[in-house]
Amino acid sequence: MIELEGVPELIDPVMVAAFEGWNDAGDAASTAVAHLDREWKGEVFAALDAEDYYDFQVNRPTVFMEAGVRKITWPTTRLSVVRVGGDKPRDLVLVRGIEPSMRWRSFCNELLGFAHELGVELVVILGALLGDTPHTRPVPISGTTSDPDLAHRMDLEETKYEGPTGIVGVLQEACTHAGVPAVSLWAAVPHYVSQPPNPKATLALLNRLEDLLDLRIPLGELPEDTRAWQVGVDQLAAEDSEVAEYVQTLEEARDTAELPEASGEAIAREFERYLRRRDVNPPGGHATADGGEGGSYLRDNPSGRTRPPKPPRPGNEDEDSSED
């Protein structure tokens with residue numbers, strides 16, 4: 001039995017989880033949970049034993065100095081809790097870590113043990129995959145569940161995916177078998193600019209999470225980072241005529257496919273999000289999932305700004321085996 005000390009009784013708790021690795025293209029999903037933890041000042045109350053689930057030759061520990069003393073941080077999965085204020089306060093149990101190297105069923109059972117003890121009512125798992133999507137358009141977000149009733153109530157798709165899966169798919173299935181309602185939200189990241197970070201995909205996941213849970217998420221510097229990322233990728237794409245041509249091909253395919261979806265329902269969702277934020281964000285502080293225009297230039301990383309790899313010619317791409 002799991003014993004929790006120092007964790008107060010939670011209000012309508014929802015568990016939100018993300019894992020670095022195969023299911024985290026551009027680090028978009030893990031960065032989203034880290035953003036929630038930072039903005040709402042999460043308090044860590046538990047960490048899984050790294051010895052049980054990780055191969056340290058794959059996920060190595062790191063050494064750091066603290067007050068002149070060398071210390072080691074071991075790769076693991078940590079749980080924290082945050083209180084979301086407002087008219088209807090509620091608690092989020094945040095799960096952030098690395099996809100385990102082994103014993104996935106035990107890993108999921110341990111997380112479900114925490115969910116049971118904390119009275120979690122819903123589990124939301126965030127993921128990101130590489131896809132044939134242009135960086136100039138809103139980030140596609142798909143929401144899936146194995147529960148037909150939940151799919152109907154929350155405007156989600158019933159999962160039909162078959163193929164290789166990661167810890168996101170395994171945890172969602174474990175929740176289903178345990179009778180815990182579970183949803184996964186997936187962001188599609190352009191495969192030709194897959195290196196992290198991808199603040200645009202992170203912002204899109206948070207926007208969808210807002211809609212799903214009917215809450216307001218403080219965005220902090222994320223809108224500015226999204227605009228800077230957009231400008232930077234635009235510049236890099238413009239430097240290579242083949243990349244620019246390929247992006248245009250993706251844009252045309254995307255616009256044609258989504259033309260019927262410019263519906264009143266989509267407009268209503270965006271307007272509801274605006275109403276939730278209008279009293280908490282100053283003018284100009286909001287960016288939708290498409291990242292908007294303008295903003296500062298993309299900041300160089302320590303190793304220097306790199307050009308995205310040239311994409312394959314349209315029609316010759318390999319099938320993406322990532323999970324929908």
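Visitor: How many helices and strands does the protein chain have?
Guide: Helices (H or I, at least four residues) and strands (E, at least two) are DSSP runs, numbered from the N terminus. Here the protein chain has nine helices and 10 strands. This is a predicted model, where local features need pLDDT of at least 70, side-chain atom pairs count only at pLDDT 80 or more, and totals for chains, interfaces and linings use all residues. Residues are numbered from 1 along each chain as its sequence is written, and side-chain values use heavy atoms, with hydrogens and water left out.

Visitor: What share of the residues is buried?
Guide: Buried means under 20% relative accessible area, exposed means over 50%, and partly exposed is in between (1.4 Å probe, protein chains only). In this chain of 324 residues, 45% are buried.

Visitor: Is serine 30 buried or exposed?
Guide: Serine 30 sits in helix α1, and it counts as buried because its relative accessible area is 6%. A contact means heavy atoms within 4.5 Å. Leaving out residues up to four places away in sequence, serine 30 touches Ala18, Glu20, Asp24 and Arg96.

Visitor: Where do nonpolar side chains go?
Guide: In soluble globular proteins, they tend to be buried together. A nonpolar core is a set of buried Ala, Val, Leu, Ile, Met, Phe, Trp, Tyr and Cys residues joined through side-chain atoms within 4.5 Å. The largest one here has 39 residues, and Val16, Leu92, Val124, Leu126 and Leu213 have the most contacts inside it. Helix α6 (199–213) is among the elements that give two or more residues to this core, and α6 gives the most, with eight. A second, separate core has 37 residues, including Phe19 and Phe107.

Visitor: What does valine 124 touch?
Guide: Setting aside neighbours within four places in sequence, the contacts of valine 124 include Val16, Val183, Leu209 and Leu213.

Visitor: How do I read a strand pair?
Guide: Two strands pair if DSSP finds at least two bridges between them. Strands β3 (residues 62–66) and β4 run antiparallel and are joined by five bridges.
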